[in-house]
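Dear colleague,

I am passing on the structure below, together with some notes on what came out of going through it. Please read them beside the coordinates.

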Amino acid sequence: MGVPLRQQFTVAKYLLQQKFKGNQRYPLVLMLEPLFRCNLACAGCGKIDYPDEILNRRLSVEEALQSVDECGAPIVSIAGGEPLLHKELPQIVEGIIARGKYVYLCTNALLLKKRIDDYQPSPYLTFSIHLDGNRERHDASVCQKGVFDRAVEAIEMAISRGFRVTVNCTLFQGEGAEEIAGFLDHCNKLGVEGTTIAPGFSYEHAPQQDIFIKMRESKQLFRDVFKLGRGRKWKLNHSSLYLDFLAGNQSYNCTPWGNPTRNVFGWQKPCYLLVDEGYAPSFKALMEETPWDKYGNNKNPKCANCMAHCGYEASAVEDSLKNPLKAAWVSLFGPRTTGPMAEEPVPEYEVPAAPKARPAIPIKAVD
Ligand code: SF4
Ligand code: SF4
């Protein structure tokens with residue numbers, strides 16, 4: 001667990017306050033997407049296929065900070081698009097920190113060297129750098145050669161200047177356990193505070209659809225990775241029970257209200273991954289109007305293989321509050337990597353026939 005105690009304490013206090021108030025649905029992390037424009041065009045991206053008119057839109061400083069206030073979550077994850085393209089991002093970050101919230105600024109790091117002087121190291125600010133694996137894998141994932149080396153250079157530079165830095169890794173088809181284990185060792189060597197890791201969500205709008213891993217395969221892959229991880233001291237930035245869920249030992253219902261999304265269209269229903277479900281004009285309206293019961297692996301075919309943090313980290317945290325001993329056990333000894341997996345809920349919709357065979361990852365980096 002790489003998260004500093006101070007931040008853990010703030011989040012624990014917030015969770016207890018929610019319990020005390022009897023809130024059933026509450027936000028844990030606000031996903032703030034102040035723009036969709038990006039300086040990369042990744043094969044698995046579901047955000048960049050909008051027309052220029054949309055890609056040129058920005059959330060203003062006022063809109064961003066009002067959203068932070070409306071939502072009230074203790075953590076704000078700023079994503080996009082590429083947030084560092086937003087000219088007023090330093091003011092947005094400053095305003096969020098001034099409110100005592102923790103900011104994770106998610107970036108592909110191409111602009112970090114140029115923009116780093118706009119930010120001050122703070123316990124409240126973390127640069128979360130997009131790295132989808134080792135050099136070859138990451139460059140293939142972002143469809144451009146040289147991006148891995150630039151991201152690693154930016155990580156080293158930000159750490160040397162005293163910033164908190166984490167790595168944000170998405171797994172796609174074709175990655176083996178040994179390769180992922182080697183990558184996590186590399187993250188340790190880089191000295192990042194922690195790494196978030198999850199299987200890629202099959203965005204309907206992603207340029208390539210054959211790169212996403214199915215749920216059962218993902219769980220086995222995570223078991224194989226965790227088996228290799230014994231004694232290697234990886235710092236994974238997740239709750240112990242979310243890791244246990246990734247390894248197939250927990251069956252959770254999705255709780256997307258834990259990770260609400262605000263972007264240039266409004267408040268996205270039900271989460272940042274599903275793009276055609278509509279928007280609410282305010283956070284209150286999002287919480288009240290979204291038909292939450294329509295979503296989750298067994299409820300909606302669009303959610304079929306989703307194991308994303310935005311749906312299941314908050315579910316795991318909720319379970320940790322109810323079962324602290326179970327959470328502590330997994331935290332001490334790691335997720336179980338053998339034996340039967342937790343039963344997956346039976347889909348309430350017609351399941352399409354599985355494709356016959358899946359090719360290895362077909363994307364290639366270009367110069
Ligand atoms: S995945 Fe991230 S870095 Fe890649 S194109 Fe989309 S927003 Fe940009
Ligand atoms: S399962 Fe939950 S988090 Fe995943 S796409 Fe569906 S609503 Fe979103």
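The cover over the buried residues of α9 includes α8 (177-190), β6 (194-199) and α10 (240-246), where helices (H or I, at least four residues) and strands (E, at least two) are DSSP runs numbered from the N terminus. This is a predicted model, in which local features need pLDDT of at least 70 and side-chain atom pairs count only at pLDDT 80 or more, while totals for chains, interfaces and linings use all residues. Residues are numbered from 1 along each chain as its sequence is written, and chains are lettered from A and ligands numbered from 1 in the order in which they are written.

The buried residues of α9 are Ser218, Lys219, Phe222, Arg223, Val225, Phe226 and Gly229, buried meaning that 20 or more other C-beta atoms, placed from the backbone, lie within 10 Å of a residue's own. Seen down the axis of α9, they fall within an arc of 165 degrees (taken from the directions from the helix axis to the C-beta atoms), so they line one face of the helix. Just after α9, Gly231 adopts a positive phi of about 80 degrees.

Definitions and conventions
Buried ≥ 20, exposed ≤ 12 C-beta atoms within 10 Å, placed from the backbone. Contact = placed C-beta atoms within 7 Å.
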